[in-house]
Amino acid sequence: MNVIQSFPYIYPELILVAGGLLLVLLDLFISNKRLLGYGAIAVLLLSLLPMNPYTHGAEIFNGMLIIDRFSCFFKIFTVLVMSLIILISQDYKSLMEKYRGEYYSLLVFLAFGMMLMASAANLLMLQLSIELVSLTSYLLVAFNKKDARSSEAALKYYLVGVIASSIMLYGMTYLYGLTGSLSFHDIFSYFRDGTADSVVILVFMLMIMAGLGFKIAMVPFHWWVPDAYEGAPTPITAFLSVGSKAVGFAVLYRTFMMVFPAFYSDWSSLLGVLAIVTMTLGNIVAVSQHNLKRLLAYSSIAHAGYILVGVAIGYTNWAQEAILTYLLTYYLMNLGAFIILIIVSNTLNSDELEDYSGLAQRAPGLAACFALFLLSLTGVPPLAGFFGKYYIFAAAIEAGNSNPFSYWMAVAIAINSVIAAYYYFRVIRQMYLVEPEDMGVIRQPLTLKLALGLMVFFTVTLSLYLSPVAEFIRQTSSMLTWY
Amino acid sequence: MTELFNTALTPWEWTQLISFYGIAALMIVAALMVVTLRNIFHSALGLAAVALGAAAIYLMLDAEFLAFVQILVYVGAVVTLIAFMVMLTQRASHGKLVRQSNDQKTISFIVVLSLFALLIWKIPTTVWNTTVSTGNLADAKTLGTAFLKEYIMPFEVISIVLLVALIGAIVLARREPK
């Protein structure tokens, strides 16, 4: 489709860019930065209007972007994540007041980059959109200028990110040299006709996997996660663990499904092994953590492992629905947990586990909500997390022998859920069974309570309307193939 | 290589061949300088040499416009900026150079070496997609049209990337009152 015909398809993205630029401008005149935050949320919600989740696929801008149901799901997801991140940033104390305008506009541009990532169908577009998201993330991680840990986290994140992204670019240049094209469709056709030496293509595929694995925090590209998560402003940590990871999965899934179907048996077994290693390593290291941000960082590596099971299975309807369902439930419970961290650290200036002692006596409601999110992360029915895990587990079983590791993956998920239960329950024990050291009141601002209420409500009641949600996900998933 | 010597090359082709290998060798040496030299200013100079080499290769491919843009942007702007940055931050590091050490030196050396060996082994036998260009594919007019037609989306997205980097850089680099 040519340029003029393509425009109607990118109204959501155009709204975000226009809104982001407007926020930069308004920042000069408006001294109440809180208004800018609400403006940013309004821009994000406005971008939902022109979206059509039941769209038939269209390749726009000469095949640069693909607008299909899969990308539309991630656009809606982006709006959900980013508007919540902005809402919980409003009363996050550690951000410097005078930079909040820039902060909110960067978050809107970040949403723009995430939407592009979800629909990129060209290596150039893919690299650029990942670069937009990564660059903005590095900046936002460093946004806490008064805290040296924030700068250190950003530097580590940046260095690892640059290396991962240059390895991926290197792989892309070879793919271009081999196929003479950057478009997913052309590269796919070249491989389908199958003339190339598969050993070299596997190496190039691995290089691309390195770049994408960095975004989703897959082992062995996970080294940046604990430090970056710990040092970053907590709302940004929440974004990294949910938003950035979700679009990372969107890109990983789309790229491997659409570009490399000819090498399915290779990448699916490789990703299968990596999924098992990722979830096991994340969970085992999480056991010995004493800082809640680090604990959630390792737990988020483990959850990436679970979702990776869905990617490794690949071409079944179950697998795709499992990935989307898991991301949705992970969004609810993990962001919920981070909201608690923000509320508590606003008062206590600490994310250490021992400072959570006796939280149940100091703030019973808060402790109950946190316990709820942790139970959901463990996968206890009927909370939201259970359904995510159930779908992934079912997808692994259903895949049978199409992936040589599918039963192993199912076993690994079961064992890992037990390990995870141990450290999630340790936090609950600290809150309920250890006596508090002081009984100071924990301040709970309205915006954070509102966000917390939303997350709790949906985490608890997801089971009540599971069938319409599952139906929506079934409708939005579309097989990512060229046939 | 053997077929290269069997075919009869015209003097012009010989000149091209020799200059290509000459430039390529210089670029490899310069690139090695970028990553191995201890002084970051020398590394920046190495980077300028690599950029110049790339411009020379563009020239050999009849892409004069691209070659000059390459020199203007990379040598003229990017490397100059790096040099400025080094000079401005030199005071912060007191001119001391920290020797970098890495626990995983051995592992990464093995991984990189095996990747290098694999590429050296496989690349000569791989069939690359080479096309002989007809007409001038890289003059200003063709490039301009491509930017506004085929590549308009990436072209516009880059401007957002730059804007974001600019906003972030201002926030991070601004001096705070104590």
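A quick word on terms before the points: helices (H or I, at least four residues) and strands (E, at least two) are DSSP runs, numbered from the N terminus. This is a predicted model, in which local features need pLDDT of at least 70 and side-chain atom pairs count only at pLDDT 80 or more, while totals for chains, interfaces and linings use all residues. Residues are numbered from 1 along each chain as its sequence is written, with chains lettered from A and ligands numbered from 1 in the order in which they are written.

1. Let's start with α8 (residues 184-193) of chain A. Its buried residues include F184(A), I187(A), F188(A), Y190(A) and F191(A); buried here means 20 or more other C-beta atoms within 10 Å of the residue's own, exposed means 12 or fewer, partly exposed is in between, and the C-beta atoms are placed from the backbone. These five cover an arc of only 160° around the axis, so they sit on the same side of α8(A). That arc is taken from the directions from the helix axis to the C-beta atoms.

2. What about the other face of α8(A)? Turned away from the buried side are the exposed residues R192(A) and D193(A). The cover over the buried residues of α8(A) includes α7 (148-179) and α11 (234-259) of chain A. Just after α8(A) comes G194(A), with a positive phi of about 50°.

3. Helix α14 (residues 317-348) of chain A is worth a look. Its 32 residues should span 46 Å at 1.5 Å a residue, and the end C-alpha atoms are 46 Å apart, which agrees. (The expected span is 1.5 Å times one less than the number of residues.) Of the 32 residues of α14(A), 26 are buried, so the rest of the structure largely encloses this helix. Just after α14(A), N349(A) takes a positive phi of about 55°.

4. On to the cores, each a set of buried Ala, Val, Leu, Ile, Met, Phe, Trp, Tyr and Cys residues joined through C-beta atoms within 7 Å. The largest nonpolar core has 201 residues, and those with the most contacts inside it are L107(A), V108(A), A111(A), V309(A), L327(A) and I339(A). Helix α14(A) supplies the largest share of this core, 20 residues. A second, separate core has eleven residues, among them A44(B), V50(B), A55(B) and A67(B).

5. Which residues does A111(A) touch, leaving aside its neighbours within four places in sequence? They are L16(A), L44(A), T78(A), V79(A) and M82(A), where contact means that the two C-beta atoms, placed from the backbone, lie within 7 Å.

6. Most residues other than glycine have a negative phi, and most peptide bonds are trans. N62(A), not a glycine, has a positive phi of about 55°; N62(A) lies in the loop between β1 (58-60) and β2 (65-67) of chain A. N62(A) is partly exposed, with 17 other C-beta atoms within 10 Å. A217(A) also has a positive phi, about 60°, without being a glycine, but A217(A) counts as buried, with 29 C-beta neighbours inside 10 Å.

7. Two cis peptide bonds deserve a check by eye. One joins V219(A) and P220(A), with omega about 5°; P220(A) is in the loop between α9 (198-216) and α10 (225-231) of chain A. Another joins P381(A) and P382(A), again with omega about 5°, and P382(A) is in the loop between α16 (364-378) and α17 (384-399) of chain A.

8. Finally, chain B. It has seven helices and zero strands, and 13% of its 178 residues count as buried. Among chain B contacts between residues at least 6 apart in sequence, 48% join residues at least 24 apart.
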